[in-house]
Amino acid sequence: ALAEFYSNVSQIDFIKGIDSNHYLLPIKDGFLLQIYRPSSTRDWPNKGRSMSICFQKKPAIEPMSVLEEWSYHLTRLGGSICEEPRNEPYGAETWVADPEGNDFLILVPSISKNIII
């Protein structure tokens, strides 16, 4: 339902992702909006984490440096970083809150491990 909502808002057709709880909205130039169910092995608050939004940039050779620059830009716009950026096998990611407190994930895949798209 969330993928369909953002699809209608953005007038962009969504694409099914890796399973029935993962959808992608290709915005432009490799920039993706991902909607997915977060890991069930992590502790999350009940509010707003049954499905999540993930913004993904193009894959990079140095994903952490791109993520840190992006994070800095988002904080200058009034966002806040919810947890420290981290390297994962597929790239670098961190949780961010928008100015209204809505959490979302930002992801920069590693150019050598671009497994999402």
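Glutamine 34 is buried, at 4% relative accessibility. The residue sits in strand β3 of what is a predicted model. One goes to the side chain of histidine 22, at 2.8 Å. Another goes to the side chain of glutamine 56, at 2.5 Å.

Take histidine 22 next. Histidine 22 belongs to strand β2, which spans residues 22-28. Is this residue buried or exposed? Its relative accessible area is 7%, so histidine 22 counts as buried, the cut-off being under 20%. Its surroundings come from two stretches of sequence. Setting aside residues up to four places away, histidine 22 touches Ile15, Lys16 and Gly17, and also Gln34, Ile35 and Tyr36. Within that list, Gln34 is the residue whose side chain meets the histidine 22 side chain in the 2.8 Å polar contact.

Strands β2 and β3 run antiparallel and are joined by six bridges. One example is tyrosine 23, whose bridge partner in β3 is isoleucine 35. Strand β3 itself is mostly covered, with five of its six residues buried.

Now look at the turn. The hairpin of β2 and β3 has two residues between the strands. Aspartate 29 lies in that loop between β2 and β3. What is the phi of aspartate 29? It is positive, about 50 degrees, although aspartate 29 is not a glycine. That is worth a second look, because most residues other than glycine have a negative phi. Aspartate 29 is also exposed: its relative accessible area is 59%, and the cut-off for exposed is over 50%.

Move to the other partner of β3. Strands β3 and β4 are joined by five bridges and run antiparallel. Tyrosine 36 stands opposite serine 52 in β4. Leucine 33 has phenylalanine 55 as its bridge partner in β4. Strand β4 is mostly covered, with four of its five residues buried.

How many bridges join β4 to β8? There are three, and the two strands run parallel. Cysteine 54 shows the pairing: its bridge partner in β8 is leucine 105.

The side chains of β4 and β8 meet as well. Phenylalanine 55 and phenylalanine 104 have ring centres 5.4 Å apart and planes at 85 degrees, so the pair is edge-to-face. Phenylalanine 55 lies in β4 (residues 52-56) and phenylalanine 104 in β8, so this pair ties together parts that are 49 residues apart in sequence. Phenylalanine 55 is partly exposed, at 24% relative accessibility. Phenylalanine 104 is buried, with a relative accessible area of 13%.

The structure holds four aromatic pairs. Ring pairs link Phe31, Phe55, Trp70 and Phe104 into a cluster. Trp70 has a further partner. Lysine 57 lies over the face of tryptophan 70, at 4.9 Å from the ring centre.

Neighbours within four places in sequence aside, phenylalanine 104 is in contact with Ile53, Phe55 and Leu74, and with Thr94, Trp95, Val96, Ala97 and Asp98.

The largest nonpolar core has 17 residues. Which residues have the most contacts inside it? They are Leu67, Trp70, Leu74, Phe104 and Ile106. The elements that give two or more residues to this core are β2, β3 (31-36), α2 (63-76), β7 (91-97) and β8 (103-109). Helix α2 gives the most, with four residues.

Another core, of five residues, lies apart from the largest one. Among its members are Tyr36, Cys54, Trp95 and Leu105. Several of these names have come up before. Trp95 is one of the contacts of phenylalanine 104, and phenylalanine 104 is itself listed in the 17-residue core.

Key: Residues numbered from 1 in each chain as written. Predicted model: local features only at pLDDT ≥ 70, side-chain atom pairs only at ≥ 80, totals over all residues. Heavy atoms only, no water. Buried < 20%, exposed > 50% of the residue type's maximum accessible area, 1.4 Å probe, protein only. Polar contact = N/O pair within 3.5 Å; in protein donor to acceptor, adjacent residues only side chain to side chain. Contact = heavy atoms within 4.5 Å. Core = buried A, V, L, I, M, F, W, Y, C linked by side-chain atoms within 4.5 Å. Phe/Tyr/Trp six-rings, centres within 6.5 Å; stacked < 30°, edge-to-face > 60°. Lys NZ or Arg CZ within 6 Å of the ring centre and 35° of its normal. Pairing = 2+ DSSP bridges.
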